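Subject: Structure handover, with notes on packing and a few individual residues

Dear colleague,

I am passing on the structure below, and my notes on it follow directly after. Please read them alongside the coordinates.

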Amino acid sequence: MRSTSVVNQNLDSFDVARTLCALLIIVIHTEPLAPYSTIANFYLCNVVARVAVPLFFAMSGFLFSCKANLQRQFLRIGKIYLCWSFVYLLIQIPQWYRTGWWGIHVVKDYIVAFVTQESYYHLWYLLTTIYALPLLYVLMKRASKQVVIGAISILWVVECLIYSYTWIGIEYRFPQLIASLNRFSAISNAVFRSLPLMAIGVIAGKDHVRRTAKEWGKRALIAFFCVAAEASLLYFFSPNKENLSYVFMTPAVVYYSVCFLLNWKIVLKNKRTAIILRNCSLTLYCIHPLFYYFVQQAQCPPGIISWLLVTILSVVAALLAEWVRSLYDRRKLR
């Protein structure tokens with residue numbers, strides 16, 4: 001892990017995968033099957049779609065290892081987090097005012113949450129990535145592969161114990177620790193969640209050549225069924241009904257999936273298509289809660305109708321934003 005070279009690889013598969021992951025995250029937040037079947041909604045949102053965010057982290061880790069420009073990536077994600085935080089602040093302020101939560105203490109609480117938790121619920125991904133990037137950089141530069149695997153294995157066990165398996169008694173034995181981790185969730189998530197998953201992406205980038213796409217695909221499918229089995233056991237036989245994104249088998253499905261994507265010989269005919277997918281995937285992730293908020297305010301029926309509206313509006317907005325961006329780039333070249 002001491003030297004990380006750029007992998008000369010067609011990453012069109014990543015652009016396709018990230019777009020699919022963004023669409024799955026919309027599924028998680030809108031829960032299209034919730035009004036019709038609790039169990040069907042569980043398998044759709046807490047099993048199938050829950051792979052999206054861990055895979056996002058791993059792909060980001062791999063791409064960062066290729067570029068290895070900490071300052072540039074840090075500033076880029078920071079600007080995105082800042083801009084979208086401002087967008088969602090515009091809808092948060094009226095909400096705070098209507099509920100009577102108003103005054104200088106609101107500003108103080110928001111600033112604290114902005115750096116320790118998140119500015120809006122789904123933007124935690126960006127903030128934890130910001131905190132995880134320097135840690136990943138140090139691992140890439142200083143540690144061997146064996147040390148990295150050992151370190152992230154320990155961190156992941158802790159993550160599972162304080163997230164999916166906290167019901168076994170961790171929260172009662174160490175209440176102050178759990179309270180501190182929740183209070184500084186962005187930092188704790190960066191250490192125990194983002195860092196291990198991003199490091200898996202780096203490791204997969206070095207290991208993917210050992211097997212073919214078909215072999216990696218089979219392993220990813222088997223690992224996914226293991227995740228489904230573990231999530232099912234937790235859902236049906238434990239008090240945990242929701243926190244199922246990060247279980248013990250999640251790293252396996254993420255590792256095999258990244259190796260599969262790196263061997264998947266998909267080539268988009270137009271390079272512009274790859275760029276559109278790449279940019280739209282992030283826009284979809286960032287913008288969909290805005291439309292979900294408006295759909296809820298309009299009192300649209302929950303379930304499939306809300307999911308469909310949010311998805312369509314988000315896709316249209318993402319494509320529109322990409323069109324405006326392309327126009328701006330063309331004018332700059334003139």
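Where is Q299 found? Q299 sits in the loop between helix 13 (271–297) and helix 14 (304–333), where helices (H or I, at least four residues) are DSSP runs numbered from the N terminus. Phi of Q299 is near 60°, a positive value in a residue other than glycine. With a relative accessible area of 71%, Q299 is exposed; here buried means under 20% relative accessible area, exposed over 50%, and partly exposed in between, with a 1.4 Å probe and protein chains only.

Before going further, the basis of these values: this is a predicted model, in which local features need pLDDT of at least 70 and side-chain atom pairs count only at pLDDT 80 or more, while totals for chains, interfaces and linings use all residues. Residues are numbered from 1 along each chain as its sequence is written, and side-chain values use heavy atoms, with hydrogens and water left out.

A positive phi also occurs at E31, which is not a glycine and has a value of about 45°. E31 belongs to the loop between helix 1 and helix 2, and its relative accessible area of 37% makes E31 partly exposed.

Helix 2 (residues 38–48) has N41, F42, C45, N46 and V47 as its buried residues, and these pack against helix 1 (12–30) and helix 11 (213–237), contact meaning heavy atoms within 4.5 Å. Helix 2 and helix 11 pack at an angle of about 130°, with their axes 10 Å apart; the axes are lines fitted to C-alpha atoms, for helices over the stretch in contact, and angles run from 0 to 180 degrees between N-to-C directions. That angle makes helix 2 oblique to helix 11, since angles under 35 degrees count as roughly parallel, over 145 as roughly antiparallel, 65 to 115 as roughly perpendicular and the rest as oblique. The crossing of helix 2 and helix 11 is right-handed, a term used if the near helix is turned clockwise from the far one by less than a right angle, and left-handed if anticlockwise. On the helix 2 side the contact involves T38, I39, F42, Y43, N46, V47 and V48, which meet F224, A228, A231, S232, Y235 and F236 in helix 11. Of the residues in this contact, ten are nonpolar, three polar and none charged, counting Ala, Val, Leu, Ile, Met, Phe, Trp, Tyr, Cys and Pro as nonpolar, Asp, Glu, Lys and Arg as charged, and the others, Gly among them, as polar.

Helix 3 (residues 52–67) and helix 6 (residues 124–142) pack at about 45°, with their axes 11 Å apart, which makes helix 3 oblique to helix 6. Among the residues that make this contact are F56, F57 and F64 of helix 3 and W124, Y125 and L136 of helix 6.

Not counting residues up to four places away in sequence, L126 touches I77, I80, Y81, L282 and C286.

Lastly, R193 lies in helix 10 and, at 7% relative accessibility, counts as buried. Leaving aside neighbours within four places in sequence, R193 is in contact with W124, W156, E159, Y163, S188 and Y246. K206 is also placed in helix 10 (residues 185–207), but at 34% relative accessibility K206 counts as partly exposed.

Best regards

Terms used. Helices (H or I, at least four residues) and strands (E, at least two) are DSSP runs, numbered from the N terminus.
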